[in-house]
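Please read them with the structure open.

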Amino acid sequence: MASAITALLAEDDALLADALTAQLQRAGFTVEAAPNGAVAEYLLLKHPFDLAILDLGLPMVDGLTVLRRLRQAGRSLPVLVLTALDSLDDRVAGLNAGADDYLTKPFDFPELEARLHALLRRQRAPAQTLSSGRLRFDRQARRASVEGTVIDLSPREWMLLDLLLAQRDQVVTKSQIAQAWDQDRSEPGAGNSIEVHIHRLRRKLEGSALSIRTVRGLGYLLEDEPGAA
């Protein structure tokens, strides 16, 4: 018999937390509830949960801070943000902090359950982690680090680095970058040129033993830094 799915539910509304706990338990989950961010952070760092459901407006330590600290500690469990904050900026902030999914209140429990199972399927898929130079890039956890230090990437910087790594030692053309960005709506007002994003990404990759070379008239190429071991 398959073991129960363990979930951390961080929700400060006691009535909602009790109702969700009961529904999740009926759906086959084993649930640990945290009434504030401090308890949620402690439990997430001390126990091996299969996933977490995280409210952003938690007392003591807010949900975004809990999420950032969790990712900085190298924990890659799926995290679904469940919150009343529904603006585009709030969603972008949650995803940039390391959330795997974002569901706003009010919601229907069947949708929450379906999203949780989708996150678990993605988590159990083959790992999508790349290491190049001193850079570690985890598509599944949406996390990049240089020698263990997490790099703070905007959504477009993330997509740019993903493209460069996927075509390591091959030129990524400006048209490829523009096409990828045309499909992205997660970074409003990101009208800066490709050159500006490349400049920012170069600075963030310092110490990675990698460099982004401009191939004039074509695009950009990710390669080993000259002299790197």
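1. Start with the pairing around strand 12. Valine 171 has leucine 221 of strand 12 as its bridge partner. Strand 10 and strand 12 pair in the antiparallel sense, over 3 bridges. Pairing here requires at least two bridges between two strands, as found by DSSP. Strands (E, at least two residues) and helices (H or I, at least four residues) are DSSP runs, numbered from the N terminus.

2. A word on the source. This is a predicted model, in which local features need pLDDT of at least 70 and side-chain atom pairs count only at pLDDT 80 or more, while totals for chains, interfaces and linings use all residues. Residues are numbered from 1 along each chain as its sequence is written, and side-chain values use heavy atoms, with hydrogens and water left out.

3. Leucine 221 also has arginine 213 standing opposite. Strand 11 (residues 210-215) runs antiparallel to strand 12, with 6 bridges between them. The hairpin of these two strands has 3 residues between them, and glycine 217 there takes a positive phi near 85 degrees.

4. How much of strand 12 is buried? The count is 5 of the 6 residues, so strand 12 is largely enclosed by the rest of the structure. Buried means under 20% relative accessible area, exposed means over 50%, and partly exposed lies in between (1.4 Å probe, protein chains only).

5. Helix 7 (residues 174-182) has the buried residues Ile177, Ala180 and Trp181. Seen down the axis of helix 7, the buried residues fall within an arc of 95 degrees, so they line one face. The arc is taken from the directions from the helix axis to the C-beta atoms. An α-helix has 3.6 residues a turn, so residues three or four places apart point the same way. Ser175, Gln179 and Asp182 are exposed on the face of helix 7 turned away from its buried side.

6. What covers the buried residues of helix 7? The cover includes helix 6 (155-166), strand 10 (171-173), helix 8 (194-204) and strand 12 (219-224). Contact means heavy atoms within 4.5 Å.

7. Helix 6 has 12 residues. From first C-alpha to last, helix 6 reaches 16 Å, close to the 16 Å expected at 1.5 Å a residue. The expected span is 1.5 Å times one less than the number of residues. Buried residues of helix 6 include Trp158, Leu160, Leu161, Leu164 and Leu165. Pro155, Arg156 and Glu157 are buried in helix 6 as well.

8. Now strand 3 (residues 51-54). Both faces are covered: Leu51 and Ile53 are buried on one side, Ala52 and Leu54 on the other. In a regular strand the side chains alternate between the two faces of the sheet.

9. Strand 3 has parallel neighbours. Strand 1 (residues 5-10) runs parallel to strand 3, joined by 4 bridges. Leucine 8 has alanine 52 of strand 3 as its bridge partner. Strand 4 (residues 79-83) pairs with strand 3 in the parallel sense over 3 bridges. The partner of isoleucine 53 in strand 4 is leucine 80. From strand 3 the chain crosses through helix 3 (residues 63-72) to strand 4, in a right-handed β-α-β crossover. Right-handed means that, with the strands pointing away from the viewer, the path from the first strand over the helix to the second runs clockwise.

10. The structure holds 10 salt bridges. Each is a side-chain nitrogen of Lys or Arg within 4 Å of a carboxyl oxygen of Asp or Glu. One of them joins lysine 105 and aspartate 55 (3.8 Å, N to O). Lysine 105 lies in the loop between strand 5 (101-104) and helix 5 (109-124), and aspartate 55 in the loop between strand 3 and helix 3, so the pair ties together parts that are 50 residues apart in sequence. Aspartate 55 is buried at 5% relative accessible area, whereas lysine 105 is partly exposed at 22%.

11. Arginine 115 and aspartate 101 form another salt bridge, with the closest N and O atoms 2.7 Å apart. Arginine 115 lies in helix 5 and aspartate 101 in strand 5, so this pair ties together parts that are 14 residues apart in sequence.

12. Lysine 174 and glutamate 195 meet in a salt bridge (2.5 Å, N to O). Lysine 174 lies in helix 7 and glutamate 195 in helix 8, so the pair ties together parts that are 21 residues apart in sequence. Salt bridges that share partners also join Glu11, Asp55 and Lys105 into one network.
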